[in-house]
Amino acid sequence: MTAPLLDLDALGIDLDDRSLVEAVTVSIAPGERLGIIGESGSGKSLTALAALGLLAHPLRARGSARISTGEGTVDAVTAPQRRLDRVRGAVLGAVFQEPLASLDPLMRVGKQLSWPLARHRGLRGDALRRAVLDALADVQLPEPERIARSYIHEISGGQRQRVAIALALAGSPRLLIADEPTTALDVTVQAGVLDLLQREVSERGMALLFISHDLPVVTRMTDRVLVMKDGRQVEVADTATLVSAPVDPYTQQLVAASRALDDLLPEGPR
Amino acid sequence: MTGTAAPAPILSLENIAFAYRSGRPVLHDVSLALAPGESVGLVGESGAGKTSLLRVALRLQAPTSGTVRFDGTPLPPGRRASLRDYRRAVQPVYQDPFSSLDPRMTVGDSIAEPLRSLGIPGGRRARVAALLADVGLPADAAGRYPEAFSGGQRQRIAIARALAPGPRLLLADEPVSALDTSVRLQVIELFQRLAAERGIGMLLVSHDLTVVAALCARVAVLEGGRLVEEGPTADVLSRPAHPYTARLLASVPRLPR
Amino acid sequence: MSTAAVAVVTEPRAPRRARRRSINLAVGAVLFGLIAVVAVVSLFWTPFSPEETGGGRLLPPGAEHWAGTDRLGRDLFSQLMVGARLAMLVGVGSMAIAAVVGVLVGLVAAIAGPLVDDAVSSLLDIAIAFPTLLLAMLIVAWRGASLESAILAIGLAGSAVVARLTRVTAVRVLGRDFVTAARTSGTGVVGIVGRHVLPNVWPTLIVPLALQFGGAVIAEASLSYLGLGSPPPNASWGRMLQEAQSTVTVAPTAALLPGILLVMTIIGINLLADGVRDVADPASRSIR
């Protein structure tokens, strides 16, 4: 019986005396793809941050967010940052919505990528340089040498997000957390990045926590979905079941709205 | 205005070319005309030039070459007064509900601004209350500040402001892209009602084909600053002629049946 | 909602931080308020006339002369009070000049288009790089030492920073959709500046202008110390420091007190500015 990679138990998040997230309980098994869907203010992104131990100061988490590291468990709610630093990158990888905010604008792409590669794989010199180029090629960036020499503002939004994915995968994590990774991208670019994520997840046997407000995207990327509203989870179900027979009224409303919009376009290839 | 059998298009963009001051070309020979009351969608991704085209249409930017006609007459350059009629008839709706309202002005003042600046006579408070009712917001919203409202509500406020001078055409730039799914539907329905009840036309710029499908009878596709396809929405979406249009369609994430 | 912008991670320490914030405002208000009250009172009453040389020379603090006397027999306490009034005058005066000139120049740079903007920005960079005191000395040398010259000089020197900040904030505001919406609503340049730009710009100027106040007080004290401030009948803490210098071993209070009051004023206004910013600026507190 394998331990879940990530086990959230009654996770809550407070800001001063207000509760922003309450009683989130769900776990992700190795290789499993779980989605969190919710509208703005639902607390889905905060939940991801709590699982990574990245809640910034006035926010406080309670409950537990246990990460199985292979040598034991670490609780992101209580563990010190030093301990979590070893977990992040190596066990948990993360990709966020806006690469302009999550990548360093003053450092060339190759340099940024070399840090986690050096740290997690102990590489230096030529071996490191090759690993950087391989990582860029792996996320299907054309002309890896040119990209490695560029700054992030010199490459397109889709390319930046691929770099962010390469960074997240550098430590060969067992669980990839993706928070609205394609929301800021054009629709054709989005399709390519989602393809990339799907491929990487399946080839590496990683688990995936995919967070989005976009139901069609979530259905494509996940096997199980958790629906959040106003900081609480309202339903957890297999993706197919959620879309065809939602139980909770809020979920039903969400699915109906998505369906209404989806029906506006003619049947396409699936 | 000449007395022709068919009325002149309310807005006509003719051979518009636009390049940034640095010289980088953005639009090449784009022509598009909207009949009164018609809703046309302009689809394209970032960098395609759709925002620039809107800015040219709104006379915020002069095109490098080409003409913008309003009710058949070219828009004169310069002075504010001569644009007053245009500003009354053609109003924009912006994408970001968190940026399109002045955080330091009350909702009522924001909505009434076109009335003040365009010198439209009449009781302002009553007009603002009527506009808020039109977009489905309570009258007491007028005294509050934008920060008290959600994204969808702010977008409605922005629409109320656009409706204040009684326009015949709305130029909408991704008006629902920043909104949650359920709210998106509500705002789409609002636009549909305005078109049906008041004959207000719309030039809708978006990368989102579903919104265009909901609101526009005709669609034009912009790629790299050029119009690559144009036609009735239903036709273009079911039988796209240009490969870029086909790729756009194929990229839209779909719900499983 | 961009979660990627949340990059700062700290171990939880909530109670201490909240306490420190209110302390800033409270302490700053008390310190600065004290000096301000003394300045106002000095308009109506001082224990002695500050110019009267009757008391004995270099007396230590005592029942009659609370702070003692200076080398000419003038009551120190009265001089300190008048010095407070001068400091307030200089602070407010130069703050006002910096505000008016700075905002005007900044707005022009933001609105007038790239050529003017580049020219003004370069001038501002030069002005900011120029040492305030040197600039002030130049102006005083040109117009002669007087209170007005000092206020003008310090105010102008400080206006460059205000102008730069105004320009940056105004440019940011001008890029927001609500300004574009105002343009398409038919609002003209004047309306946009008055109704949209200024109301959104002035909150960011509160703290820099308050800091300008403190800087002005120090600058005036420095000018007076060098003999370039307002001439003798006007008591300035800087001049008092200079006069007390030669007799510091015999009458230490005469040298200490003006310095202590200067420090109180500067720290007071700085803490007050910090406190106002902490209370008024939600961005430094919450996550969005």
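1. In chain B, six strands form an open sheet of mixed pairing, in the order β6-β7-β8-β3-β9-β10. Strands here are DSSP runs of E of at least two residues, helices are runs of H or I of at least four, and both are numbered from the N terminus; two strands pair if DSSP finds at least two bridges between them. The edges are held by β6 (90-93) and β10 (226-232) of chain B, each of which has a single partner strand, so one side of each lacks a neighbour in the sheet.

2. The model is predicted: local features need pLDDT of at least 70 and side-chain atom pairs count only at pLDDT 80 or more, whereas totals for chains, interfaces and linings use all residues. Residues are numbered from 1 along each chain as its sequence is written, while chains are lettered from A and ligands numbered from 1 in the order in which they are written.

3. Axes are lines fitted to C-alpha atoms, for helices over the stretch in contact, and angles run from 0 to 180 degrees between N-to-C directions.

4. β6(B) runs parallel to β7 (residues 169-173) of chain B, and four bridges join the two. Within β7(B), B:Ala172 is the bridge partner of B:Val93.

5. Helix α9 (residues 243-251) of chain B packs on the sheet, where it touches β3 (39-43), β9 (218-223) and β10 of chain B. The direction of this helix makes about 100° with that of β9(B).

6. Between the chains, 30 residues of chain A are in contact with 25 residues of chain B (contact: C-beta atoms, placed from the backbone, within 7 Å). On the side of chain A that touches chain B, α11(A) supplies the largest share, eight residues.

How values were computed
Two residues are in contact if their C-beta atoms, placed from the backbone, lie within 7 Å.
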